[in-house]
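Here are my notes on this model. Please keep the structure open as you read.

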Amino acid sequence: MKKKGLDMKKLLVFVLFVSLSLACVSCNKGAQTQGQILKYNMTQEPQFLDPGKATGIPEFTVLLNLFDGLTRYDQNHEIKPSIAEKWEGPSQDHIYTFHLRKDMKWSNGDPVTAHDFEYSWKRALSPELASEYAYQLYYLKKGKDLNSAVPAENQSEFSMENKYYYPKLDENGEVLLDADGHPTANTELPLSLDDLGVKALDDYTLEVQLEAETPFFLSLLTFTTYLPVNAKVVSAHPDWAKSTENFVSNGPFKITEWKHAEKIIVQKNENYWDKDAVNLSEIQFLMIDNQTTELAMWESGALDFATNPPPIEFERLKKENKLQIQPYLGTYYYAFNTSKKPFDNPLVRKALTLAINRQALVDNITKGGQLPAMAFVPFGIPDALSDKEFRTSETEAFFLDNNIEEAKALLADAGYPEGANFPEFEILYNTNETHQSIAQAIQQMWKENLGIQTRLINQEWKVYLDNRSSLEFDVCRAGWIGDYMDPSTFLDMFYSKSGTSDTGWTNKKYDQLIEQSRFAEDSFLRMRYLHEAEAILMDEMPIAPIYFYTRPVLVNPKLLNYIASALGYTDFKWAEMDTK
């Protein structure tokens, strides 16, 4: 089994690093657009279909096909011009100038302009929107300042006319909070929206200034938080993304039907600038969370793309050449609520982490070639030198898998010898048979290895996300898929202002290293900061890494030209169903 794990690791590294993890099916032409309908299971109801607020893979999959950004990955997984037909930069001052196409329209017929991008990025950073992914725009000049600013009184919705102030600081440089725990405005230090590093010079020219050199910025522009929204529609209808009534998009498809908890239907957007490249007439995004039901529908032909097949059937599906195991740049982990006792104690967190048998989980439950994770950043991401990985042999493991003796010693040092007097707690996971099986296995491991009792709680996707972000849990299942090919996409999320940590954990040295990595001009120094940050994360363990993802899927062999990236998205812009 050890050799098999090593071979899978080499396969993942090769595909992720050399080809950037692209799965693009044969480019043979099939039938014409008419009647080209795809049925895709995204398993869950999206929490948000607002690009500025979306955080999960179900949302990203839909949004990528509804919207188009300044750049887009093509079939060879290369960054290509999209809404921006060309650009200059970066200059020595880290300025890009993007020249937008003049033949672009929103799905309602409005023109797509540079002003929409300026509005969208400022809105995503605004304190009023409270976007968990706002930190992805901290690379913009003054991006962090705007997101940390204090809005003027009575501002609940974002507007380009809104006023903001820097927060007041105490003598130690800490933000002063009012009686309700909110930052206090320094009314003598206003922050202008014009200070942010994005400006529409005219309808079709966008100037972007970054805080520092950002080598992955053009790929970051494909990410959902950088996608545009229609400024006129969003200003008039703040709840525009909650139903089809006012929903407008600018991508290959437009939304036509949304039956909550059942399906979202999108159809070819006749106003899309590159509509001749779009072959599918319709995509039905289904929300089937039961793995057995999904498999039955796929095998009966009622589903074309199954994203959640049951692992118990993997061996049969492999023998029948039906199962595809695609690369997936991500980590499955458990998060500890460090604001609650006893999880505020790092010794407890370490004990629980070491008392998990990861190899048994991937061998007996997930069965999809996943690798046990003894670190957080997965394999396949380049280091400062492109021929070396960030996850090198020197940093491959921060702890030993299934290290029961050390776990018991740590728990005793924390004051709970053999689990004595350790309070019973809950393990939260979103509804899914595999998550349930993993939770049951870990529950048993902690009971047998440490003498600890737990209860299992499952919730549907949106409720689970809400409770996770509000820290209404003890320990919860979580997963993170990279947004771009860089270790910062994993380590940034535990920066205290990121909004995605969902652990309550903060560490000033960690924050400092993340900030230093953002502004480091030297790539070797930048990677050193990130390695040091991961070492702190794994020393204090607000999370317990479980395994590095793969993506087992079932795909109708008639589906051609789709793009399934290890970065988590599935792009159907060029896809078609071969009817031959």
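1. Strand 5 and strand 6 (residues 95-100) pair in the antiparallel sense, over 4 bridges. Alanine 84 faces leucine 100 of strand 6. Bear in mind that this is a predicted model.

2. This pair belongs to an open sheet of 4 strands, ordered 5-6-11-10, with antiparallel pairing. Strand 5 (84-88) and strand 10 (198-202) are the edge strands, and each pairs on one side only. From one strand to the next the twist averages 25 degrees.

3. Which helix lies across strand 6, strand 10 and strand 11? Helix 3 (residues 114-125) does, and it runs at about 165 degrees to strand 10. Strand 11 covers 205-209.

4. Now the nonpolar cores. The largest has 165 residues, and Trp121, Tyr334, Trp446 and Phe572 touch the most other members. Leaving aside neighbours within four places in sequence, tryptophan 446 is in contact with residues including Tyr334, Leu352, Phe425, Ile427, Ile452 and Val475. Another core, of 10 residues, lies apart from the largest one; among its members are Ile288, Leu295, Trp298 and Leu317.

5. How many cavities of 30 Å³ or more are there? The count comes to 4. The largest cavity has a volume of about 940 Å³. Its lining has 47 residues, of which Ile57, Tyr328, His435, Arg477 and Tyr549 lie nearest the centre.

6. Several elements give two or more residues to the lining of the largest cavity. The helices are helix 2 (57-66), helix 12 (433-450) and helix 13 (461-469). The strands are strand 2 (37-41), strand 16 (323-336), strand 20 (475-481) and strand 21 (543-555).

How values were computed
Residues numbered from 1 in each chain as written. Predicted model: local features only at pLDDT ≥ 70, side-chain atom pairs only at ≥ 80, totals over all residues. Heavy atoms only, no water. Pairing = 2+ DSSP bridges. Axes fitted to C-alpha atoms, helices over the stretch in contact; angles between N-to-C directions. Contact = heavy atoms within 4.5 Å. Core = buried A, V, L, I, M, F, W, Y, C linked by side-chain atoms within 4.5 Å. Buried < 20%, exposed > 50% of the residue type's maximum accessible area, 1.4 Å probe, protein only. 1 Å grid on protein atoms, 1.4 Å probe; cavity = no way out; pocket = protein on both sides within 12 Å on 5 of 7 lines; lining within 4 Å. Points joined across faces, edges and corners; volume = space filled by probe spheres on them.
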